[in-house]
Amino acid sequence: MQIKVARGKVKASLTRLENTPDELESKNEIVIRLQRLELLKEFERLDSELTVEASEIEEFENRYFSLKLKFQNKIDVFNTSQYTSAETQNSSIQSNSNFRLPKLNIPVFSGKFEDWMNFKDLFVSTAHSQISLSNSQKFQYLKDLLSDEPASLIKHIPLSNDSYEEAWGK
């Protein structure tokens, strides 16, 4: 019974976090809440001690990933607005030879199966689904965030708008 109570406390923490995204007005507030969101491991540990019938992991994971995506999207809005205002203030950045994409806060993916879902969720929310980025910009982000085997799978693909989908599909 104590496990169910402890699991309930973790669920309550998630619910409190679910009620905050619209109230957060600074990037730092969102980053702090996103760090607090690391409740999944604790919930998994507690839930694993219960029977399969009593498990609520699937529902919790759905809520967790949905909220994590909301927080990450809010951070993207801040990043985009900062990027846009910096671009407006300094139009000399328009030269392609000096242009650099803003850094994404995504861990590099080395091909470990257990890291894939986190990498995929973060990459999709911060780059892949962003209509403001061209496919070649998305491809550059992808190349920069891969190492080891994943990087070697796409290294021969030329960096272009047309080749991004091919690289993402590998």
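**Cavities and nonpolar cores**

Me: How many cavities of 30 Å³ or more are there?
Reply: In this predicted model, the count comes to 2 cavities of 30 Å³ or more.

Me: What volume does the largest cavity have?
Reply: The largest cavity has a volume of about 40 Å³.

Me: Which residues line the largest cavity?
Reply: Its lining consists of Gln72, Ile75, Asp76, Asn79, Lys103, Leu104, Asn105 and Thr126. By class, 2 of these are nonpolar, 4 polar and 2 charged. Helix α4, residues 57-89, supplies the largest share of that lining, with 4 residues.

Me: And the second largest cavity, what lines that?
Reply: The second largest cavity holds about 30 Å³ of space, and Lys11, Phe43, Glu56, Glu59, Phe60 and Arg63 line it. Here the division is 2 nonpolar, no polar and 4 charged residues.

Me: Changing topic: how many residues has the largest nonpolar core?
Reply: The largest nonpolar core has 18 residues, and those with the most contacts inside it are Ile106, Phe119, Phe123, Leu142 and Ile154. The elements that give two or more residues to this core are α5 (113-128), α6 (135-144) and α8 (164-169). Of these, α5 gives the most, with 4 residues.

Me: What does Leu142 touch?
Reply: Leaving aside residues up to four places away in sequence, Leu142 touches Phe119, Phe123, Ile154, Tyr164, Ala167 and Trp168.

Me: Which residues does the second core include?
Reply: The second core is separate and has 16 residues, including Leu24, Leu34, Leu67 and Ile75.

Definitions and conventions: Residues numbered from 1 in each chain as written. Predicted model: local features only at pLDDT ≥ 70, side-chain atom pairs only at ≥ 80, totals over all residues. Heavy atoms only, no water. 1 Å grid on protein atoms, 1.4 Å probe; cavity = no way out; pocket = protein on both sides within 12 Å on 5 of 7 lines; lining within 4 Å. Points joined across faces, edges and corners; volume = space filled by probe spheres on them. Nonpolar A, V, L, I, M, F, W, Y, C, P; charged D, E, K, R; others polar. Core = buried A, V, L, I, M, F, W, Y, C linked by side-chain atoms within 4.5 Å. Buried < 20%, exposed > 50% of the residue type's maximum accessible area, 1.4 Å probe, protein only. Contact = heavy atoms within 4.5 Å.
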